[in-house]
Amino acid sequence: MQRPEAELGARERGILALERRGISAPGAKERAIREELDLSPVRYYQLLNALLDDPRALAHDPVTVNRLRRVREGRRAER
């Protein structure tokens, strides 16, 4: 049987890796998104949001995915 995380594509693994780094400098994250992943920030966040609901992402990097899910739920609760 194939491991679930093996099914994640390179782009999805790259998104999780970038989030794991926790870039906090202003503009640095957007620059990394464009340079490393060749994505616009808007598309990046669309893909990231979908990835947080993907069980393969959870299997690949549970710490990062669960942290980002908590952040997302906190923001939803504020609305």
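Helices (H or I, at least four residues) and strands (E, at least two) are DSSP runs, numbered from the N terminus. The legends below use these element numbers.

This is a predicted model, in which local features need pLDDT of at least 70 and side-chain atom pairs count only at pLDDT 80 or more, while totals for chains, interfaces and linings use all residues. Residues are numbered from 1 along each chain as its sequence is written, and side-chain values use heavy atoms, with hydrogens and water left out.

**View 1. Lysine 29 in helix 2.** Lysine 29 is found in helix 2. With a relative accessible area of 16%, lysine 29 is buried (buried means under 20% relative accessible area, exposed over 50%, partly exposed in between, with a 1.4 Å probe and protein chains only). Contact means heavy atoms within 4.5 Å. Apart from neighbours within four places in sequence, lysine 29 is in contact with Leu18, Glu19, Ile23, Tyr44 and Tyr45. From C-alpha to C-alpha, lysine 29 and proline 41 are 8.8 Å apart in space, and they are 12 residues apart in sequence.

**View 2. The contact of helix 2 with helix 3.** The axes of these two helices, helix 2 and helix 3, come within 9 Å and cross at roughly 85 degrees. Axes are lines fitted to C-alpha atoms, for helices over the stretch in contact, and angles run from 0 to 180 degrees between N-to-C directions. Helix 2 and helix 3 are therefore roughly perpendicular to each other (angles under 35 degrees count as roughly parallel, over 145 as roughly antiparallel, 65 to 115 as roughly perpendicular and the rest as oblique). Helix 2 brings Lys29, Glu30, Ile33, Arg34 and Leu37 to the contact, and helix 3 brings Pro41, Tyr44 and Tyr45. Five residues of the contact of helix 2 with helix 3 are nonpolar, none is polar and three are charged (Ala, Val, Leu, Ile, Met, Phe, Trp, Tyr, Cys and Pro count as nonpolar, Asp, Glu, Lys and Arg as charged, and the others, Gly among them, as polar).

**View 3. Aspartate 38 in the loop between helix 2 and helix 3.** Phi of aspartate 38 is near 55 degrees, a positive value in a residue other than glycine. Aspartate 38 is exposed, and its relative accessible area is 68%.

**View 4. The aromatic pair of tyrosine 44 and tyrosine 45.** One aromatic pair is found in a search of the whole structure. Tyrosine 44 and tyrosine 45 form this pair, which is edge-to-face, with 5.0 Å centre to centre and 85 degrees between the planes. Rings of Phe, Tyr and Trp (its six-membered ring) pair if their centres lie within 6.5 Å; planes under 30 degrees apart count as stacked, over 60 as edge-to-face and the rest as tilted. Tyrosine 44 is buried, with a relative accessible area of 0%, whereas tyrosine 45 counts as partly exposed at 35% relative accessibility.

**View 5. The largest nonpolar core.** A nonpolar core is a set of buried Ala, Val, Leu, Ile, Met, Phe, Trp, Tyr and Cys residues joined through side-chain atoms within 4.5 Å. The largest one has 16 residues, and those with the most contacts inside it are Ile15 and Tyr44. At least two residues of this core come from each of helix 1 (10–21), helix 2 (28–37), helix 3 (41–52) and helix 5 (62–78). Helix 3 gives the most to this core, namely five residues. With neighbours within four places in sequence left aside, isoleucine 15 is in contact with Leu37, Tyr44, Leu47, Leu48 and Leu51.

**View 6. The contact of helix 3 with helix 5.** The axes of helix 3 and helix 5 come within 10 Å and cross at roughly 105 degrees. Helix 3 and helix 5 are therefore roughly perpendicular to each other. Leu48, Asn49 and Leu52 of helix 3 make the contact with Val65, Leu68, Arg69, Arg72 and Arg76 of helix 5. By class, the contact of helix 3 with helix 5 has four nonpolar residues, one polar and three charged. Asparagine 49 is partly exposed, at a relative accessible area of 34%. Leaving aside neighbours within four places in sequence, asparagine 49 is in contact with Arg72 and Arg76.

**View 7. Threonine 64 in helix 5.** Threonine 64 is buried, with a relative accessible area of 4%. Neighbours within four places in sequence aside, threonine 64 is in contact with Leu16, Glu19 and Arg20.
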